[in-house]
Amino acid sequence: MTGWRRLILTAGLAVSAAGCQMNSRDQVLAVDRTQVQLRSVSTRAFDTGDRNLTIRNVIATLQDLNFVIDKADDSLGTVSATKFDTYVMRMTVTVRPRGDKQVAVRASAQYNMVAVSDAKPYQQFFAALEKAMFLTANEID
C-alpha cells in the first residue's frame with residue numbers, strides 16, 4: 001500500500017510541476033529577449049581600428065572606476081577585473097575587431113557570481129570608456 005501512495009504522490013507532484021512550466025517556445029523567447037536587452041547595454045562599437053590602444057583604454061578605465069585588474073590577455077583581447085567596494089563585482093571586457101575601422105567592446109559583469117542585468121554598471125563603464133577613447137584620439141592629457 002505504501003508503494004501505491006508513493007506512486008500517486010509522485011505522479012501528483014509531476015502533474016502539478018508541469019502545470020507551472022512555460023511551454024518551450026515561451027521559454028526561448030523570454031531568454032532571447034533578456035539576452036538581447038543585456039547585449040544592447042553591454043556592447044559598444046568604437047570608430048578605431050587600433051585594438052591594442054582600445055585594450056589599454058579599457059584597462060585605464062577599469063582602474064579609474066576602482067577595479068583591480070586580475071588578468072589582461074592581448075591575444076584574446078580580454079581584460080578581467082574585480083572591484084572591492086561595499087560589494088564585490090567582477091567585470092570581463094572583450095575587445096574584438098569589427099571590420100577594418102571599428103572595434104566592438106563587450107562587457108560582462110557579475111555580482112556575487114550572478115550576471116548583472118542592471119544597465120547602470122554598463123552605462124557607467126561605457127561613459128568613462130567613451131571619454132577615455134575621445135581624449136586618447138585627440139591626444140588630450
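Val68, Phe84 and Val88 make a nonpolar surface patch of about 280 Å². Patches are built from residues with over 30% relative accessible area and no salt bridge, like charges being joined within 9 Å and nonpolar side chains (Val, Leu, Ile, Met, Phe, Trp, Tyr) within 5 Å. A salt bridge here is a side-chain nitrogen of Lys or Arg within 4 Å of a carboxyl oxygen of Asp or Glu. Accessible areas come from the Shrake-Rupley method with a 1.4 Å probe, and for residues only the protein chains shown count as cover. This is a predicted model, in which local features need pLDDT of at least 70 and side-chain atom pairs count only at pLDDT 80 or more, while totals for chains, interfaces and linings use all residues. Residues are numbered from 1 along each chain as its sequence is written, and side-chain values use heavy atoms, with hydrogens and water left out.

In soluble globular proteins, nonpolar side chains tend to be buried together. The largest nonpolar core has 23 residues, and those with the most contacts inside it include Val58, Val105 and Leu129. At least two residues of this core come from each of α2 (24–42), α3 (51–64), β3 (78–84), β4 (88–97), β5 (103–111) and α4 (119–137). The largest share, 5 residues, is that of α4. Such a core is a set of buried Ala, Val, Leu, Ile, Met, Phe, Trp, Tyr and Cys residues joined through side-chain atoms within 4.5 Å.

Val105, in strand β5, is buried because its relative accessibility is 0%. Its C-alpha atom is 8.9 Å from that of Val58, 47 residues away along the chain. Contact means heavy atoms within 4.5 Å. Beyond four places in sequence, Val105 contacts residues including Thr54, Val58, Val93, Phe125 and Leu129. Leu129 in turn touches Phe46, Asn57, Val58, Thr61 and Val105, with residues up to four places away not counted.

Thr54 in helix α3 is also buried, at 0% relative accessible area.

Asn66 sits in the loop between α3 and β2 (68–73) and is exposed at 57% relative accessible area. Asn112 occupies the loop between β5 and β6 (114–115) and is exposed at 52%.

Key: Buried means under 20% relative accessible area, exposed over 50%, partly exposed in between (1.4 Å probe, protein chains only). Helices (H or I, at least four residues) and strands (E, at least two) are DSSP runs, numbered from the N terminus.
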